[in-house]
Amino acid sequence: MRRWLLLLSPVAVAAACGSRTGLLVSGGSTPGEAGPSDSGAGFVDVTRPDAAGGDAAADAPEETAEACTSGCTSLAVVGGTYDRSYDGFTFTDDTNPATVSGFRLDQYEVTVGRFRQFVDAVLGGWLPGAGSGKHTHLNGGQGLDATGGGYETGWDATSWNSQIATTADAWNGNLVNGTWTATAGQNESLPISQLDWYEAYAFCIWDGGFLPSESEWNYAAAGGSDQRAYPWSPAFPPGSTSIDCTQANYDGCPTGVVHAVGSESPAGDGKWGQSDLAGNVWEWNLDWDESSYVTPCVDCANLTAANFRVIRGGSFGNTPPVLLVSYRDLDPPGYRGDLVGVRCARTP
């Protein structure tokens, strides 16, 4: 695995709210089963735009002090319907619509400082409760509609609590190759990396939220029916694939290291105000990978056990095509990557 130096940025982020290298395989509707390598080879992606505009007032970012245990800013995402993984340029398959109810998505990727509070809580005895982490605002509290039938089950305490380390030495060992430091220091505003899917999910539960489904994450990054190619792009049509280093941290920008969260804000912010939805570090999603999108999809997620979980967004180690909103990647849930992090979602 390719390793990177860390940027000890002076950028101070008051509300601290992941990354890898990929080869684009165009023309498909979903990712192939790429293994847990930073090459990302084997991905296949989907795409299309919705020309719908949207109400400007309703679409404006809404900063709300959501109840996060770690302290964060969580911004409202206005619900709607869009075409999954469509951007109108590189990916033009418009046969995978999804409807997403309104929710909140944290403004920033989870930082080292926020994650440190979580680790302290776990060392104090906290572990996720059975069934926690569901989208309780959906389907009368049952959560997301599972594409394989039924509804979201939430955290499997019997199988997954053993995946969460309970000693400081174990945490330091698990996170040693990422941005984590054993004691608080200059990395506190950097996105946490090297965490696996179980730790990402558990953090979001502890923090009062949940992991976003792939449809939710993709919807927010695409600006909903704007079907943006990058989070900051204009709506398609006409759309744009313009990108520069003021908007995202990616391979080709001068520093070549991870940045403090929000460093490219506001130029790189998405429609609803979230930063770093493209670049910096990849972000874990709730879903298992599926060979093709299931339709119809109304607040749906692929919760049928498979080999890989979805990650989205690209990283500072990726070239611009991998940062496209339409791009998908996948890893086993136990994978640890120095370019992989997380961002939490919350009830509206």
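This is a predicted model: local features need pLDDT of at least 70, side-chain atom pairs count only at pLDDT 80 or more; totals for chains, interfaces and linings use all residues.

**The largest pocket**
- The largest pocket comes in at about 210 Å³.
- Its lining takes in 13 residues, and T153, W160, W288, L303 and R309 are the ones nearest the centre.
- Two elements, α5 (197–206) and β7 (282–288), each hand two or more residues to that lining.
- By type, the pocket lining splits into 9 nonpolar, 2 polar and 2 charged residues.

**The largest cavity**
- The largest cavity holds about 50 Å³ of space.
- Around the cavity sit R84, T147, E214, S215, D287, E290, Y293, C300, A301 and N302.
- Here the elements giving two or more residues to the lining are α6 (214–222) and β8 (300–301).

**E199**
- You'll find E199 in helix α5.
- Is E199 buried or exposed? E199 counts as buried because its relative accessibility is 0%, and the cut-off for buried is under 20%.
- Setting aside neighbours within four places in sequence, E199 touches F115, F118, Q163, I164, W171, N174, L175 and R336.
- One of those partners, F115, is 84 residues from E199 in sequence, yet the C-alpha to C-alpha distance is 9.8 Å.

How values were computed
Residues are numbered from 1 along each chain as its sequence is written. Side-chain values use heavy atoms; hydrogens and water are left out. On a 1 Å grid over the protein atoms alone, a cavity is a set of points where a 1.4 Å probe fits but cannot get out, and a pocket is an open set with protein on both sides within 12 Å along at least five of seven lines; lining residues have an atom within 4 Å of a point. Grid points are joined across faces, edges and corners, and a volume is the space filled by probe spheres set on the points. Helices (H or I, at least four residues) and strands (E, at least two) are DSSP runs, numbered from the N terminus. Ala, Val, Leu, Ile, Met, Phe, Trp, Tyr, Cys and Pro count as nonpolar, Asp, Glu, Lys and Arg as charged, and the others, Gly among them, as polar. Buried means under 20% relative accessible area, exposed over 50%, partly exposed in between (1.4 Å probe, protein chains only). Contact means heavy atoms within 4.5 Å.
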